[in-house]
Amino acid sequence: FAGRLPIRMGLELGEPWEAPQEAARIVSHPELDFVIGSVHNQGRAAGGVDFYYIDYRGEEACYTALDDYFSCMEALAALDCYDVLGHVIYPLRYMNGRDGNHVTLDRYTERIRSIFRTVIAKGKGIEVNTCRGRSVEDWRSILALYRSCGGTLVTLGSDAHSPGDVAK
């Protein structure tokens with residue numbers, strides 16, 4: 001497809017608030033077309049552990065992790081090194097899906113609203129990441145909140161990790 005199919009370069013940039021100058025350097029690459037800004041790890045002050053590895057036994061552990069998660073997301077949203085904010089509900093896949101809790105983001109509505117307003121004011125969007133088709137329903141309230149804030153830019157991701165899960 002040479003000359004007929006342009007191939008664009010994108011990346012997912014995790015934890016850019018931890019090294020904002022380095023993040024700015026990375027995203028200044030002239031061939032880079034698209035950046036998902038994401039939070040995968042706790043902030044350094046909380047230990048920097050990937051949310052995947054946290055033991056979510058009980059609601060207190062979940063809400064402690066979510067407090068940190070949204071603090072990190074607020075720091076990320078304030079930066080200019082992304083096009084869309086990645087998978088806003090990321091920790092829930094481990095808290096609820098893997099570890100069997102029934103945690104909601106209800107207590108974070110105002111923080112998420114503030115994050116969305118920052119993202120929208122910067123002309124950025126959000127990524128809806130369905131985790132291989134497992135979390136489609138979990139996005140309804142987040143998308144409604146985003147839309148109520150005036151958000152219109154949405155990308156879709158499936159965290160495929162294997163060819164059979166692409167676009168789920």
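**Briefing: fold, surface and cysteines**

The accessible surface of the protein is about 9400 Å², and carbon and sulfur atoms account for 52% of it. The model is predicted. Its secondary structure consists of five helices and five strands, and no disulfides are found in a search of the whole structure.

**Fold and dimensions**
- Along the sequence, the elements of the protein run in the order β-α-β-α-β-α-α-β-α-β.
- The radius of gyration of the protein is 16 Å, in agreement with the value near 15 Å that a compact globule of 168 residues would have.
- Taken along the principal axes, the box filled by the C-alpha atoms comes to roughly 55 × 35 × 30 Å.

**Burial and contacts**
- Of the 168 residues in the protein, 42% are buried.
- Among contacts with a separation of 6 or more, 70% are between residues 24 or more positions apart.

**Charge**
- The protein carries 23 negative and 18 positive side chains.
- The centres of these two sets of charges are 5 Å apart.

**Cysteines**
- Cysteine 81 has 8% relative accessibility, so cysteine 81 counts as buried.
- The cysteine sulfur closest to that of cysteine 81 belongs to cysteine 72; the two are 13 Å apart, which is too far for a bond.
- A disulfide requires the two sulfur atoms to be within 2.5 Å, and the 13 Å between cysteine 81 and cysteine 72 therefore rules out a bond.
- Cysteine 62 also counts as buried, because its relative accessibility is 0%.

Conventions
Residues numbered from 1 in each chain as written. Predicted model: local features only at pLDDT ≥ 70, side-chain atom pairs only at ≥ 80, totals over all residues. Heavy atoms only, no water. Buried < 20%, exposed > 50% of the residue type's maximum accessible area, 1.4 Å probe, protein only. Helix = DSSP H or I, 4+ residues; strand = E, 2+ residues; numbered from the N terminus. Rg over C-alpha atoms; globule rule 2.2 N^0.38 Å. Contact = heavy atoms within 4.5 Å. Areas by Shrake-Rupley, 256 points an atom, 1.4 Å probe, with all protein chains shown as cover. Lys, Arg positive; Asp, Glu negative; His and termini not counted. Charge placed at Lys NZ, Arg CZ, Asp CG, Glu CD.
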